[in-house]
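Keep the 3D view open and follow along as we go from ring to ring and strand to strand.

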Amino acid sequence: MKNYFSIQDIDSLDHWVDEAIKIKKAPLSDKVLGVNKTIGLLFFNPSLRTRLSTQKAALNLGMNVIVMNFTKEGWSLEYEDGTVMDQGNSEHVKEAAQVVSQYCDVIAIRAFAKLENKDEDYSEKVLKGFIKYATIPVVNMESATGHPLQALADAITITEYKKKDKPKVVLSWAPHPKALPQAVANSFVEMMQQMDAHFVITHPVGFELASQITKQVPIDYNQESAFKDADFIYVKNWSSYTDYGKVLSADDSWKITEDKMKLTNQAKFMHCLPVRRNVVVDDVVLDGQNSIIVEQANNRTYAAQLVLKKILKNEK
Amino acid sequence: MKNYFSIQDIDSLDHWVDEAIKIKKAPLSDKVLGVNKTIGLLFFNPSLRTRLSTQKAALNLGMNVIVMNFTKEGWSLEYEDGTVMDQGNSEHVKEAAQVVSQYCDVIAIRAFAKLENKDEDYSEKVLKGFIKYATIPVVNMESATGHPLQALADAITITEYKKKDKPKVVLSWAPHPKALPQAVANSFVEMMQQMDAHFVITHPVGFELASQITKQVPIDYNQESAFKDADFIYVKNWSSYTDYGKVLSADDSWKITEDKMKLTNQAKFMHCLPVRRNVVVDDVVLDGQNSIIVEQANNRTYAAQLVLKKILKNEK
Amino acid sequence: MKNYFSIQDIDSLDHWVDEAIKIKKAPLSDKVLGVNKTIGLLFFNPSLRTRLSTQKAALNLGMNVIVMNFTKEGWSLEYEDGTVMDQGNSEHVKEAAQVVSQYCDVIAIRAFAKLENKDEDYSEKVLKGFIKYATIPVVNMESATGHPLQALADAITITEYKKKDKPKVVLSWAPHPKALPQAVANSFVEMMQQMDAHFVITHPVGFELASQITKQVPIDYNQESAFKDADFIYVKNWSSYTDYGKVLSADDSWKITEDKMKLTNQAKFMHCLPVRRNVVVDDVVLDGQNSIIVEQANNRTYAAQLVLKKILKNEK
């Protein structure tokens, strides 16, 4: 594998999940694989789980880890070709990516959507800029429009907890006071299209995700009907794609409550975290026995470790 | 040992100090103990000595080290139970602590007093929040009300330099232009109650530390009389506990001078650093042959290493 | 070698470059040399290449690496002796340097010119303050007036690419919207005085570098005549030394163009990076086959590794 940019880079999800679960059982068994190999983690945005779990994954593989908060510790980057760089940006991604490629063996990058310009965000200028010019593999630690390491951890988690071959999985929008990117939802939707599941998306009108991502996935604008018989409830807020980056609604009636969870088939509750308690979801749900958010976060390590292992072994 | 939160977690100070001095003589002798173990250092505030010495201690034990400036690199945390999190905080300590516990084997945390609300600071919401929800040991790298790694280094230093079984140790307040926490003073006071010493506190009226900490320790409001025959002068500024967080006085007459040091029994001069020269203490004292501030800072490594060793060996 | 502060610390450039090229061929052959040794990288300013390449060099030598953004993560330092420290600075370099010396085996420091006061910048108060008080070797990762690791990488690069024993090397000023330090230019000038080269500096009137650095090096105020028959064009902007720290001119006519490069002897194009495209130099030059900026950046690792190796082996 060269880069892990999106769900499309997974050639066989079943095999990947099986292998991740094997890694989880013996996380140090490939510790020689990464010896004398260096991963550079470049952060353009805050991170807790991704920051720590990707470091842990690399350490489990015996790699050296260099962490850099790119925006604050380095130079502001230009991404456009042909620009006369007489404004704020000091360095072009062309040089930055080529140079970092000489000091590291793998780069992992986190760069959120700015939510100001849909075309710019969906062009993935940061990740694609690095991929274009880097001469080493690039891993997506959450880009403007996707979070494939999270989605891979989600697939592992669903596989571990499912009680039937084809569970019903519901992705539900929930309210949030701030505008959030669509990245986690996008990658989860793409992942569910590769899993054997009855998959439904539910959200208020106006929060439709990009149709090139949702494709034929059914959308139910009635959250309660969507929840019926669900085996997994995956909750996430995102800002509007159509009215780009807007918080059209913070409709409290979409909050996840115990009553709504009772409509399900004792569904497991999932969320990528961080989660705002009692805004997105009630305490009683988060703290209930069907909440698997902590184990879901734990699987971030094994998702990252699988991806890094495949890169180090240069296998599909 | 589970957590190292305060001086109360030391079961036998004599044994601890003896062991730390042994570690100092052969700091790499336990280098296999921490192999494949990871410590996460979470900083909510600036740090020089603690940041470097705790890393060094972990490296001496063969551990992996992950450093995170939590406030700037991660998410703003909520500590109250039941809050509707629709304001500035993105994540609850309940999730943060549980999640970090899965990526690390030990967490160490620095979170200063805000000096705005005494009850909030003395509730130790950050450290106690992590201790409540973490499933791995938590080490205090200076909390709102205590700095037990500093106090342990102080105990090692006094043991190394004392010339009699029961030295006279004086904790003296000194002036400072900014309001500082009581943490270092509190832990030193608690530590001195476990050491065999004649211990006296001296400070201006209004700077009494919490009585639940000072207990029966004599307080002398006359700095010069307190200094008489002292073997160790430990200097530190703190803001008022009674009139909470206030700089009631920057009384220059409390500065430590050569003349005052002449009142002592050639006392060793100690300070936890950083120290403002010629405000807290005159250059001539800091640079004099009885100043042991650099060796005191050196012992921070061995204090941290002792605590981490006990945690890794899971011993009292 | 004790410290690597400036080009003057190089005893025999030919031997150094030869050894760096050997290290480049087998970068892991000294991996036992740094085992259980710790380097502390202290950053007072942003850094990309220096940050990553110095870490990589230390890892290649088997060292532990501790990185600290000193200004943001630690305390603001005082450098003057005898100051009454009642203003913004919390700690004196005297304590900071002594204390860090106990946790690390080598310190490397980056501290830019402030460009406000020539005497202060050229006194090198930060680097010299650390060198004065540290008890371990100090490496300059770009100080107020010099960048000797860059210049060492430049010497390696020129040696690798030169086609004649005594190539013509031109250091050309180029326009830039912001005031930049003279550090890179200064160290390159000093380095070229140690290399066997026809060395010429070209810049507009008013941009003369310090005469104690340029000494007898010829200055040509006509960029085009300077470029004639050049084998290497080394481009860098710097603010005025005479009218200290001022951007006297952003004269576009000094930009490096394809036409100007045609005046040369198919010269290799060099720049320390970051570079502002189409302000300092046109895309077509940077992207042309004679641009060796990426390989030049690559040599930063081997320059740093050579210096650290000499320090670890304590050899000249």
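C:Phe207 is buried, with a relative accessible area of 1%. Bear in mind that you are looking at a predicted model.

**Aromatic rings**

- Over all chains, the structure holds 33 aromatic pairs.
- In one of these pairs, the ring centres of C:Trp173 and C:Phe207 are 4.4 Å apart and the planes stand at 35°, so the pair is tilted.
- Because C:Trp173 sits in strand 7 of chain C and C:Phe207 in the loop between strand 8 and helix 9 (211-214) of chain C, the pair ties together parts that are 34 residues apart in sequence.
- C:Trp173 has 0% relative accessibility and therefore counts as buried, since the cut-off is under 20%.
- Another aromatic pair, C:Phe188 with C:Tyr234, is stacked, at 3.8 Å centre to centre and 15° between the planes.
- This pair also links distant parts of the chain: C:Phe188 belongs to helix 8 of chain C and C:Tyr234 to strand 10 of chain C, 46 residues apart.
- Both C:Phe188 and C:Tyr234 are buried.
- Over in chain A, ring pairs connect A:Phe44, A:Phe70 and A:Phe130 into a cluster.

**The sheet in chain C**

- Five strands of chain C form an open sheet in the order 9-8-7-10-11, with parallel pairing.
- Strand 9 (219-220) and strand 11 (268-271) of chain C stand at the edges with a single partner strand each, so one side of each has no neighbour in the sheet.
- Strand 8 (residues 198-202) of chain C runs parallel to strand 9 of chain C, and two bridges join them.
- In strand 9 of chain C, C:Asp220 is the bridge partner of C:Thr202.
- Helix 8 (residues 183-192) of chain C packs on this sheet, where it touches strand 7 (168-173), strand 8 and strand 10 (232-236) of chain C.
- The direction of helix 8 makes about 165° with that of strand 7 of chain C.

**The sheet and helices in chain A**

- Chain A has an open sheet of five strands with parallel pairing, in the order 9-8-7-10-11.
- Its edges are strand 9 (219-220) and strand 11 (268-271) of chain A; each has a single partner strand, so one side of each is left without a neighbour in the sheet.
- Strand 10 (residues 232-236) of chain A is joined to strand 11 of chain A by four bridges, and the two run parallel.
- A:Phe232 has A:Lys268, in strand 11 of chain A, as its bridge partner.
- Helix 13 (residues 293-312) of chain A lies across strand 10 and strand 11 of chain A, at about 50° to strand 11 of chain A.
- How many residues of helix 8 (residues 183-192) of chain A are buried? The count is 10 of its 10 residues, including A:Phe188 and A:Met192.

**A domain from the record**

- An unreviewed UniProt entry places the feature "domain: Aspartate/ornithine carbamoyltransferase Asp/Orn-binding" at residues 184-308 of chain A.
- That span is 34% helix and 13% strand, and its end C-alpha atoms lie 20 Å apart.

**How chains A and C are related**

- The copies use different surfaces, as 3% of the contact residues of chain A recur in chain C.

Methods:
Residues are numbered from 1 along each chain as its sequence is written. Chains are lettered from A and ligands numbered from 1 in the order in which they are written. This is a predicted model: local features need pLDDT of at least 70, side-chain atom pairs count only at pLDDT 80 or more; totals for chains, interfaces and linings use all residues. Side-chain values use heavy atoms; hydrogens and water are left out. UniProt positions are given in the numbering used here, feature names are shortened, and annotations may be inferred rather than shown by experiment. Two strands pair if DSSP finds at least two bridges between them. Contact means heavy atoms within 4.5 Å. Axes are lines fitted to C-alpha atoms, for helices over the stretch in contact, and angles run from 0 to 180 degrees between N-to-C directions. Buried means under 20% relative accessible area, exposed over 50%, partly exposed in between (1.4 Å probe, protein chains only). Rings of Phe, Tyr and Trp (its six-membered ring) pair if their centres lie within 6.5 Å; planes under 30 degrees apart count as stacked, over 60 as edge-to-face and the rest as tilted.
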